[in-house]
Amino acid sequence: MSVHDDINAVQRCLDDLHRSLGRLEHQLGSGGLEIRRVRLDADHLRESVALLRDAAATPAAQHRPDLVTISDAPYDISLWTDTDDEGLGARDRRAP
């Protein structure tokens, strides 16, 4: 199966779940916390599958993040002027 076939199968299952939850909600009432939580979880699943569908529709080359080259040269010492040492406080003051 292709990715799109799998996503469509998941979508069909979620549609079935949505219909079943509607029937349960009709039988049990919609006031209970449990049915609201299950309904909310099912809605989150539907949103997640929609995001997966969008991600699968974009070419794979767009998923790769841009690489940033970091130089091995030491940082300019002026970057650290007026900074505090982590956990020790400022250089010219005593730690609490």
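Trainee: How many salt bridges are there by this rule?
Mentor: A salt bridge is a side-chain nitrogen of Lys or Arg within 4 Å of a carboxyl oxygen of Asp or Glu. By this rule the count is three. This is a predicted model, where local features need pLDDT of at least 70 and side-chain atom pairs count only at pLDDT 80 or more, while totals for chains, interfaces and linings use all residues. Residues are numbered from 1 along each chain as its sequence is written, and side-chain values use heavy atoms, with hydrogens and water left out.

Trainee: Which parts of the chain does the pair of Arg46 and Asp15 link?
Mentor: Their side chains meet in a salt bridge of 3.2 Å, N to O. Arg46 is in helix α2 and Asp15 in helix α1, 31 residues apart, so distant parts of the chain are linked. Helices here are DSSP runs (H or I, at least four residues), numbered from the N terminus.

Trainee: Where do Arg19 and Asp16 lie?
Mentor: An α-helix has 3.6 residues a turn, so residues three or four places apart point the same way. Arg19 and Asp16 both lie in helix α1, three residues apart, about one turn of the helix. Their salt bridge has an N to O distance of 2.2 Å.

Trainee: And what about Arg39 and Glu25?
Mentor: They form a salt bridge too, with the closest N and O atoms 2.6 Å apart. Arg39 lies in helix α2 and Glu25 in helix α1, so this pair ties together parts that are 14 residues apart in sequence.

Trainee: Is Arg39 buried or exposed?
Mentor: Buried means under 20% relative accessible area, exposed over 50%, and partly exposed in between (1.4 Å probe, protein chains only). Arg39 is buried because its relative accessible area is 16%, whereas Glu25, at 23%, counts as partly exposed.

Trainee: Which residues of α1 are buried?
Mentor: Ile7, Gln11, Leu14 and Leu21 are. What covers the buried residues of α1 includes α2, residues 33-57.

Trainee: Why does the span of helix α1 agree with its number of residues?
Mentor: The expected span of a helix is 1.5 Å times one less than its number of residues. Helix α1 has 26 residues (3-28), so it should span 38 Å; its end C-alpha atoms are 36 Å apart, which agrees. After α1 comes Gly29, whose phi is positive, near 95°.

Conventions
Helix = DSSP H or I, 4+ residues; strand = E, 2+ residues; numbered from the N terminus. Contact = heavy atoms within 4.5 Å.
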